[in-house]
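Me: Got a fold I'd like to walk through with you. Can you take my questions as they come?

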Amino acid sequence: MSGARIIDGRAAAAALRAEVRDEAAAFTARHGMAPGLRVILVGDHPASRAYVGTKARTAAAAGVDGRLIELPEDIGEAALIERIAALNRDPAVHGILVQLPLPAQIDGGRVLEAIDPAKDVDGFHPLNAGRLSAASGGLDPRLLVPCTPMGCMILLRRTLGEDLAGRRALVLGRSNIVGKPVAMLLLAAHCTVTIAHSRTVDLAAECRRAEIVIAAVGRAGMVRGDWLRPGATVIDVGINRVAGADGKSRLVGDVAFEEAAEVAGAITPVPGGVGPMTVACLLRNTLIAARNQLE
Ligand SMILES: NC(=O)c1ccc[n+]([C@@H]2O[C@H](COP(=O)([O-])OP(=O)(O)OC[C@H]3O[C@@H](n4cnc5c(N)ncnc54)[C@H](OP(=O)(O)O)[C@@H]3O)[C@@H](O)[C@H]2O)c1
């Protein structure tokens, strides 16, 4: 393998959690209560259960009062929205997250819109998405921004420095959860941004132009080494489960890591790259939401 710097997401996430822990302790001392997070899990989707378990465990260690609310798979949309309304009214709750995906009988858009935008720690409410899109020339630090995209930005800045102005960035994927918000964050950081997707013609050529590549497609190893410009910084958001040679399954990203590391200047591994940052940014958002509500 070449000399690409491996971007250590676990270390970056630990540093961010430690920062949140110190600031959450100060918040608790000022207000007599910890920043409060409620994570709603509907049904028993195995991957979702694993994610929410990590979120709740990590919260406690960072001084955030994180609690899991489990609701039955067959809950109706109105009943779920009523639970959210009760959390919106609860002054001990500063952040609310509804774990996606939701069962088919529930309209996810309506549920996300039912969350008080001030408590929307996933940053998916249309008001917060709109505020992010409207940000120009820097970002209001009080804004609740989607966690995985924010994690990508923190890793980029740790690698390339605070000032990303003028960098040519390619975002591969245009979902509301990752692709679009990360593109908006790069734009707010004054990068020149291209967003590619399944209808993009000649993805490889688009990639080769970029100094920064953010891959969020959900296709194992799709971005090949020869798609990259030498020295590029590669942030791999993909989490794909594939069968390993030993018959056991393992997680890989959207980038063919070994060959990409021969060409890139720096690259995130999977696992251990963006993944740990997502939960750390959720705790950070809970602290931001709590401060916005009380200070
Ligand atoms: N690390 C984390 O914490 C974290 C958090 C969230 C997601 N993820 C992972 O990130 C990946 C993306 O997640 P997502 O929610 O954004 O996925 P998504 O909603 O399925 O969106 C995938 C995007 O990739 C594009 N795409 C799919 N196949 C393509 C192809 N062959 N060529 C070009 N573009 C293609 C799609 O284009 P169209 O719009 O044209 O269909 C779409 O915009 C997944 O692996 C997911 O597990 C990780």
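Me: How do H1 and H10 run relative to each other?
Reply: This is a predicted model, and in it H1 and H10 pack at an angle of about 20 degrees. Angles under 35 degrees count as roughly parallel, so H1 and H10 are roughly parallel to each other.

Me: And how far apart are their axes?
Reply: The axes of H1 and H10 are 9 Å apart. As for handedness, H1 passes H10 in a left-handed crossing.

Me: Which residues make the contact?
Reply: On H1 they include Ala13, Leu16, Val20 and Phe27. From H10, Met277, Ala280, Leu283 and Leu287 are among them.

Me: OK, switching to sheets. What's the strand order in the six-stranded one?
Reply: It goes S1-S11-S8-S7-S5-S6, an open sheet with parallel pairing. S1 (5-6) and S6 (192-196) stand at the edges with a single partner strand each, so one side of each has no neighbour in the sheet.

Me: How many bridges join S7 to S8?
Reply: Four, between residues 212-215 of S7 and 233-236 of S8. Isoleucine 212, for instance, has threonine 233 in S8 as its bridge partner.

Me: Which helices pack on that sheet?
Reply: H6 (residues 147-160) is one of them, lying across S1, S7, S8 and S11 at about 155 degrees to S8. H7 (residues 179-188) also packs on the sheet, touching S5, S6 and S7, and its direction makes about 170 degrees with that of S5.

Me: How do S2 and S4 pair?
Reply: In the parallel sense, over four bridges. Isoleucine 40 stands opposite valine 98 in S4.

Me: Now the core. Which residues touch the most other members of the largest one?
Reply: Met153, Leu156, Leu186, Ile214 and Ile235, out of 48 residues in that core. H10 supplies the largest share, eight residues.

Me: What does isoleucine 214 touch?
Reply: Leaving aside residues up to four places away in sequence, its contacts include Cys152, Leu156, Leu170, Val182, Leu186 and Ile235.

Terms used
Residues are numbered from 1 along each chain as its sequence is written. This is a predicted model: local features need pLDDT of at least 70, side-chain atom pairs count only at pLDDT 80 or more; totals for chains, interfaces and linings use all residues. Side-chain values use heavy atoms; hydrogens and water are left out. Two strands pair if DSSP finds at least two bridges between them. Helices (H or I, at least four residues) and strands (E, at least two) are DSSP runs, numbered from the N terminus. Contact means heavy atoms within 4.5 Å. Axes are lines fitted to C-alpha atoms, for helices over the stretch in contact, and angles run from 0 to 180 degrees between N-to-C directions. A nonpolar core is a set of buried Ala, Val, Leu, Ile, Met, Phe, Trp, Tyr and Cys residues joined through side-chain atoms within 4.5 Å. Buried means under 20% relative accessible area, exposed over 50%, partly exposed in between (1.4 Å probe, protein chains only). Angles under 35 degrees count as roughly parallel, over 145 as roughly antiparallel, 65 to 115 as roughly perpendicular and the rest as oblique. A crossing is left-handed if the near helix is turned anticlockwise from the far one by less than a right angle, and right-handed if clockwise.
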